[in-house]
Amino acid sequence: RELSSESNIYIYCLNILVFVTLQQRDPMLKRDCFEDILEERRNSSDLKYALRCYAPVLYKGVTPCKANMLKNIVLQSDQLHYVINQVSQESGEAPDIIQEEASVILEEMAHRLQISTVRCFAFALSKAFKTLFQHVCVNEEGIQRLQQAIQEHPVVLLPSHRSYMDFLLMSYILYTYDLALPVIAAGMDFMGMKFVGEMLRMSGAFFIRRSFGGDKLYWAVFSEYVKTMLRNGFAPIEFFLEGTRSRTCKSLTPKLGLLNIVIEPFFKGEVFDVNLVPVSISYERILEESLYARELLGVPKPKESTSGLLKARRILSEDYGSIHVYFGQPVSVRSLAQGKVNRSTYNLFPRHIPRKPMEETQSFVNDTAYRIVRLQEDNMVLKPWVLMASLLLQNLEGLELSVLTEQTVWLRGLALSYAAFLDWPDQAPTAKVVSSSLALHRGLACVSGDRVSLVVGEPLGPVTPEEALFNRAVSVLSCASYRNQVLHVFLRPAMLAVAMLHLSDEVYNCFSFLWDMFSNDFILCPGDTVQDFEEACYLLVKTGAVQMPQQDIVMTDIGQPTLSFFNGLLEPFLQGYQVVCRYLCEEASEGLTEKQYIPAVRSFAVKLILAGNLRCYEVLSSDMQKNALAALLRMDAVRKVKVADQVTLIVNKMAVNSIDDILGKNRMISHINQTPISPSLSLVAVAEDLYRDGLTPSYIR
């Protein structure tokens, strides 16, 4: 096509650049077909399945290592002896005593994998999965890639983490496909469960503390234990890069400790390569949905216990739909590190001496962690309900069933055009798809007459306004956990839509501000601001929502519904951050401690909702409040100061007020400037009013 102007050349180059970037990670280009592994289980004996011959192929044909032998290798390692001598000199205790402490730590930590216990779990989980789920679907090509990877190099499995079911499901799938069972990093919480804790240990779990503090010996035992298993390829290592279950079903900022440990043997030349395998586990209905909502509202998390597990057996009478497990393409650490990390510097020191990672190494590990989580997101399978939940949350008063159906079909088209991995029944009529989703999630949404609205738990007796608000918030946050599953698809164009309708003098600057502000709430790879902006432009142009003449960004005649939807998608986050800013400026006392912060902000938000000044229940989420504080700390609007044994928050009110202004005010329209915008004022409503009144500035008209 002939390029007639400079702007056309700009757009052409932009499209090529972003298309190539998207193509490199576009799931549509590499997604595999799924097989339902429960289908065979429903038609054959579970006992025969559990007792079948199990002979997995291991890394370079190594012989499986007994648990006691593994512990001896760790205790005799040069690195551990070096740290033991260090601790002995620092504490004044004899090395033999420190050695005994290390042995006790390792005994508490180590797995004792036994195939007999695995077979018991295989039998029990087959019964449970067939009761709980309609299908458990696995991509077979991913399994074949994993089988090949296990034979070539040490493998690290990195699943997404949305449920307690994740690590059980992973081992069950690998056993089903005759693959080597992983050893799994698990929290100490599970070790306290009588009988079950030991069963998990004998199924491959090794237990670690949630935090090590400054315990040098514990860190040395732990890191050497993991590296020994990795160097010798005794079993794939499995851990959750996010560190904990995501209560919001958004991906969490990755934790780097364990990833540093499993990559270090490659840097030191102890292994030729390490294969990192991202695994995406998608639940049509989450077992812990209401539990998560209550935790986000401040209800303490139930302690893991065997009695609690037995009480939870009532879930066996519920239908939780389908699970999709996608094993991604193995990521070679060697390939990733090429040209980024100079490994020769590791030859300057003896390998057994622990060293703090160099800056380039830390940067590489951080970039790798974000890359893996993005790959997890790309391969998450989305069900129709996540689209319906997104629409219902923007219409809390409810929608006509016909309107919900029509808008779901529209949103489906938008999601597919953005390469969402959507599992939509091809042959089923749309009305049936919508009704089936409503039936499965009847605890969250109901149809009354021809109107669909969120379900609010019915109280047994009279309730206070605060209790009614809590019940409503549980419903909204539960529904939001499904909406959050699609956010990674729409996030970048949504931030651009907000930047446009914020009437900023410079759209990119506003986008960059939002990108920085939300980098704790969403997976935004460090340094990718420009690339994400270009991707957002490309996607909005691709779907006809905007045009880019003369390098400006202009909303098209048909783009208003898309931009309004995107604004509504991010509105809870904008309002949540704005409420935090207003609390810190208007209500916070000078001695506000970090521990007091979340209850205080929640109380402030409750007052706003009860007074009718705020309608956004998601503001009550502790996750949003923590992320807002993290953003303000990163932007130097708040500082932490340790006073005695408490951490106090020092607020720069001028900076926080400035951020509040950017989040909540439209500065270019004089008649709006005269009235302060309350947290309850919808950005979508503002945009629609401006568009209807013909007041939209030329560059977004």
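Predicted model: local features only at pLDDT ≥ 70, side-chain atom pairs only at ≥ 80, totals over all residues.

I began with helix α4 (residues 67–75) and helix α11 (residues 216–232), whose axes come within 9 Å and cross at roughly 120°.

Next I turned to another helix pair. Helix α17 (residues 384–393) packs with helix α20 (residues 465–483) at an angle of about 130°, and their axes are 8 Å apart. So α17 is oblique to α20 as well. Here I noted a left-handed crossing as α17 passes α20.

Then I looked up Arg-201. Is Arg-201 buried or exposed? I found Arg-201 in helix α10 (residues 196–201). Its relative accessible area is 3%, so Arg-201 is buried, the cut-off being under 20%. I then looked at Arg-201 together with His-111: the two are 90 residues apart in sequence, yet their C-alpha atoms are 5.0 Å apart in space.

My last stop was the surface. Which residues form a nonpolar patch there? I found Leu-47, Leu-51 and Phe-123, with about 290 Å² of accessible area together. Phe-123 sits in helix α7 (residues 115–132). I logged Phe-123 as partly exposed because its relative accessibility is 32%, which falls between the 20% and 50% limits.

Terms used:
Residues numbered from 1 in each chain as written. Heavy atoms only, no water. Patch = residues over 30% accessible without salt bridge, like charges linked within 9 Å, V, L, I, M, F, W, Y side chains within 5 Å. Areas by Shrake-Rupley, 256 points an atom, 1.4 Å probe, with all protein chains shown as cover. Salt bridge = Lys/Arg side-chain N within 4 Å of Asp/Glu carboxyl O. Helix = DSSP H or I, 4+ residues; strand = E, 2+ residues; numbered from the N terminus. Buried < 20%, exposed > 50% of the residue type's maximum accessible area, 1.4 Å probe, protein only. Axes fitted to C-alpha atoms, helices over the stretch in contact; angles between N-to-C directions. Parallel < 35°, antiparallel > 145°, perpendicular 65-115°, else oblique. Left-handed = near helix turned anticlockwise from the far one by under 90°.
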